[in-house]
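Reader: I am new to this structure and would like to be taken through it step by step. Could we begin with the chain as a whole and then turn to single residues?

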Amino acid sequence: MRLDKMLADLGYGTRNEIRKACRQGRIVLNGEYVKDCSIHVNPEEDEVLVDEEPVLYSRYVYFMLNKPIGVVSATSDRQMTVLDLIDSGIKGLFPVGRLDKDTEGLLLITNDGQLGHRLLSPRHHVEKEYEVELALPLKEEDVTRFASGIQLSDGERCLPSTLIITSETAARVILTEGKYHQIKRMFEAVGNQVVGLKRVRMKHLVLDESLAPGEYRELTKEELADLKELAGSDE
Ligand code: URA
């Protein structure tokens with residue numbers, strides 16, 4: 001693989017920026033300054049340094065994070081972000097979708113833009129399941145209202161969703177879309193208020209409950225294969 005492509009894939013900049021970094025003597029390959037960054041490298045074996053820092057090569061990585069409350073789902077922010085929790089040295093990571101600052105649970109973090117895009121595409125209706133705690137008792141009629149598509153206070157209508165009441169003030173909700181603050185606004189529309197929200201599933205990918213809030217791990221081969229199968233087609 002060409003060195004400039006590898007570095008661009010890893011988020012070190014555009015190919016032009018990487019060429020410039022070469023000219024500036026900022027890139028070292030196996031102990032030698034690189035003059036021509038179209039040179040081919042073996043990412044598994046060659047040692048590359050950029051600005052004296054080793055480049056950790058892995059074309060695509062996929063982490064399951066148990067997002068803690070209080071951290072924002074962004075790539076950069078003045079506040080602590082979910083990426084600050086990932087200590088991988090890999091550039092170009094981003095969270096697939098957003099959870100509110102006060103929402104916890106399953107968040108996929110990757111540098112695979114194509115997979116992320118497909119998982120978020122409204123066309124794929126990827127199921128997302130949440131555990132919800134409410135301020136007020138749930139009503140049986142809420143189930144039918146969710147199933148027929150809640151109308152939000154601004155008039156926008158949600159797709160039909162599944163509400164499973166698990167106790168007087170707790171439920172599971174399964175959505176196939178992702179509007180801004182959607183679950184909070186859906187419960188507001190039925191006169192209730194969300195006091196706790198945790199995502200536990202995205203399609204087949206289930207939150208690993210052995211991960212404490214703030215912990216993460218790489219997806220297993222099987223988990224990744226399931227996600228890729230789902231996202232395999234853009235039709
Ligand atoms: N719905 C919300 O209201 N917040 C989230 O973080 C996710 C879904």
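Author: Helices and strands are DSSP runs numbered from the N terminus, a helix having at least four residues and a strand at least two. The model shown here is predicted, and by that definition its chain has six helices and 13 strands.

Reader: What does the C-alpha trace span along its principal axes, and how many of the residues count as buried?

Author: The C-alpha trace covers about 70 × 35 × 35 Å along the principal axes of the chain. A residue is called buried when its relative accessible area is under 20%. Of the 235 residues in the chain, the share that counts as buried is 45%.

Reader: Which domains does the assignment give, and what separates the centres of domain 1 and domain 2?

Author: According to the domain assignment, the chain holds domain 1 (3-54), domain 2 (62-122 + 210-231) and domain 3 (127-202). Taken over C-alpha atoms, the separation between the centres of domain 1 and domain 2 is 27 Å.

Reader: Among contacts between residues at least 6 apart in sequence, what percentage joins residues at least 24 apart?

Author: The contacts considered here are those in the chain whose two residues lie at least 6 places apart in sequence. Of these, the part that joins residues at least 24 apart is 63%.

Reader: How many aromatic pairs are there, and why is the pair of phenylalanine 63 and tyrosine 216 called edge-to-face?

Author: The count of aromatic pairs comes to two. In the pair of phenylalanine 63 and tyrosine 216, the ring centres are 5.2 Å apart and the planes stand at 80°, and because planes over 60 degrees apart fall in that class, the pair is edge-to-face. The pair links distant parts of the chain, with phenylalanine 63 in strand E5 (residues 62-67) and tyrosine 216 in strand E13 (residues 216-218), 153 residues apart.

Reader: Is phenylalanine 63 buried or exposed, and what is the relative accessible area of tyrosine 216?

Author: Phenylalanine 63 has a relative accessible area of 5%, so it is buried. Tyrosine 216, by contrast, is partly exposed, and its relative accessible area is 25%.

Reader: What kind of pair do phenylalanine 146 and phenylalanine 187 form, and which helices hold them?

Author: The rings of phenylalanine 146 and phenylalanine 187 are 4.9 Å apart from centre to centre, with 45° between their planes, and the pair is tilted. Both of these phenylalanines are buried. Their pair ties together parts 41 residues apart in sequence, because phenylalanine 146 lies in helix H4 (residues 140-148) and phenylalanine 187 in helix H5 (residues 182-189).

Reader: Why can H5 be called largely enclosed, and which strands are among the elements that cover its buried residues?

Author: Six of the eight residues of H5 are buried, so the helix is largely enclosed by the rest of the structure. The buried ones are Gln182, Ile183, Lys184, Arg185, Met186 and Phe187. Their cover includes H4 together with strand E8 (128-134), strand E9 (162-167), strand E10 (170-175) and strand E11 (194-202).

Reader: How much space lies in the largest pocket, and which element gives the most to its lining?

Author: The largest pocket holds about 620 Å³ of space. Of the 30 residues that line this pocket, the closest to its centre are Arg98, Tyr130, Gly178, Lys179 and Tyr180. Helix H3 (113-120), E8, H5 and E11 are the elements that give two or more residues to the lining, and the one that gives the most, with three residues, is E11.

Reader: Where is aspartate 208 found, and which side chain does its own side chain meet in a polar contact?

Author: Aspartate 208 is found in the loop between strand E12 (205-206) and E13. With a relative accessible area of 19%, aspartate 208 is buried. Leaving out residues up to four places away in sequence, it touches Met64 and Arg217, and the polar contact of its side chain, at 2.8 Å, is with the side chain of arginine 217.

Reader: Is valine 206 buried or partly exposed, and which residues is it in contact with?

Author: Valine 206, in strand E12, has a relative accessible area of 46%, so it is partly exposed. Leaving aside neighbours within four places in sequence, valine 206 is in contact with Met64, Val200 and Arg201.

Technical notes: Residues numbered from 1 in each chain as written. Heavy atoms only, no water. Phe/Tyr/Trp six-rings, centres within 6.5 Å; stacked < 30°, edge-to-face > 60°. Buried < 20%, exposed > 50% of the residue type's maximum accessible area, 1.4 Å probe, protein only. Polar contact = N/O pair within 3.5 Å; in protein donor to acceptor, adjacent residues only side chain to side chain. Contact = heavy atoms within 4.5 Å. Domains from an automatic or database assignment. 1 Å grid on protein atoms, 1.4 Å probe; cavity = no way out; pocket = protein on both sides within 12 Å on 5 of 7 lines; lining within 4 Å. Points joined across faces, edges and corners; volume = space filled by probe spheres on them.
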